[in-house]
Amino acid sequence: MKTSKTINKLIIFLITLTVVSCTKDNPEPLIPISEKYDDGIFVTCEGNFNSANGSLSFISDDGVVENNIFNSVNGFPLGDVVQSITIIDTIAYIVVNNSGKVVVADAGTMQYISEIPVTTPDHMTAISNDVAYVSDWNAFSDNGFVHVIDLKTNEITNSIQVGHQPGEILYSNGYVFVIESGVWPEAGNSISVINVESETVVENIIVETNPINMATNENVLWVLSKGETGYDENWQEISVTPGSLTSINTTSLQVNNVIEL
């Protein structure tokens, strides 16, 4: 009987020891990480040129507005001219144009992770969770670039030359479409098309004057052009071209239609 009790106590001790050992090896977090910025939208605020006071605001789904969130979390500002933001998986890539960088932060907490140096970045688009493209004005030069970014290392792996001051870029059907804004006072009127497999420009599509924004719907790319106003030496208006929407087939790369606005 004493032997049986001893064995039972030994078994209970060993079970307890095993449970305690497993708990120590695989601890459960006591406090879950707060994903404060999960439900809502981010708003980029450029700030004043050369003042390094660009910022990021957040509007929650229930309408609560919180300003300057990156600075509040990290204790330092984003930089000069916050141009755009792209969320890839759980990471935010914040393009800071005049500071020459893309700031990398956790999208849920806005905690700073790192940054990617780019001369004068404008917009970023995801090809996958591992690869992204970012447009680069390469200010005051004859041509701009689109850089291929390895998101695992946050390093540029290739630079593809495009036209003057590349702006917004979008990925669709194996192609990256790049708005070419032109160099003032000459407005741009083209979209460069990059094949992501070869990482080369395969087409240049002529659109209406001053393309500024793009959106995709199924196999159609819509390009918004704002037109152009001409002035004489006294800044008196002498000519106006209207705004327009151009629809482009993202498979054939042909212009479907132009709608004057």
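These are my notebook entries on a predicted model of one chain.

**Ground rules.** I took local features only at pLDDT of at least 70 and side-chain atom pairs only at pLDDT 80 or more, while totals for chains, interfaces and linings use all residues. Residues are numbered from 1 along each chain as its sequence is written, and side-chain values use heavy atoms, with hydrogens and water left out.

**Entry 1, whole chain.** I looked up the secondary structure and found 2 helices and 21 strands. Helices (H or I, at least four residues) and strands (E, at least two) are DSSP runs, numbered from the N terminus. Of the 261 residues in the chain, 37% are buried. Buried means under 20% relative accessible area, exposed over 50%, and partly exposed in between (1.4 Å probe, protein chains only). The accessible surface is about 14,800 Å², and carbon and sulfur atoms hold 52% of that surface. These areas come from the Shrake-Rupley method with a 1.4 Å probe; for residues, only the protein chains shown count as cover. I also looked up contacts, meaning heavy atoms within 4.5 Å. Among contacts with a separation of 6 or more, 34% are between residues 24 or more positions apart.

I followed β6 (residues 101-106) into β7 (residues 112-117) and found antiparallel pairing over 5 bridges. Two strands count as paired if DSSP finds at least two bridges between them. A105 has Y112 in β7 as its bridge partner. The hairpin has 5 residues between the strands, and M110 takes a positive phi near 65°.

β8 and β9 are joined antiparallel over 4 bridges, and P121 stands opposite D136 in β9.

I located D130 in the loop between β8 (121-126) and β9 (131-136). Is D130 buried or partly exposed? Its relative accessible area is 38%, so D130 counts as partly exposed. Leaving aside neighbours within four places in sequence, D130 is in contact with I149, D150, L151 and K152. The C-alpha atoms of D130 and K152 are separated by 6.1 Å, with the two residues 22 apart along the chain.

β16 runs antiparallel to β17 (residues 220-225), with 6 bridges joining them. N213 has L224 in β17 as its bridge partner.

I placed W222 in strand β17. Its relative accessibility is 31%, so W222 counts as partly exposed. Together with I259 and L261, W222 makes a nonpolar surface patch of about 270 Å². Patches are made of residues with over 30% relative accessible area and no salt bridge; like charges are joined within 9 Å, and nonpolar side chains (Val, Leu, Ile, Met, Phe, Trp, Tyr) within 5 Å. A salt bridge is a side-chain nitrogen of Lys or Arg within 4 Å of a carboxyl oxygen of Asp or Glu.
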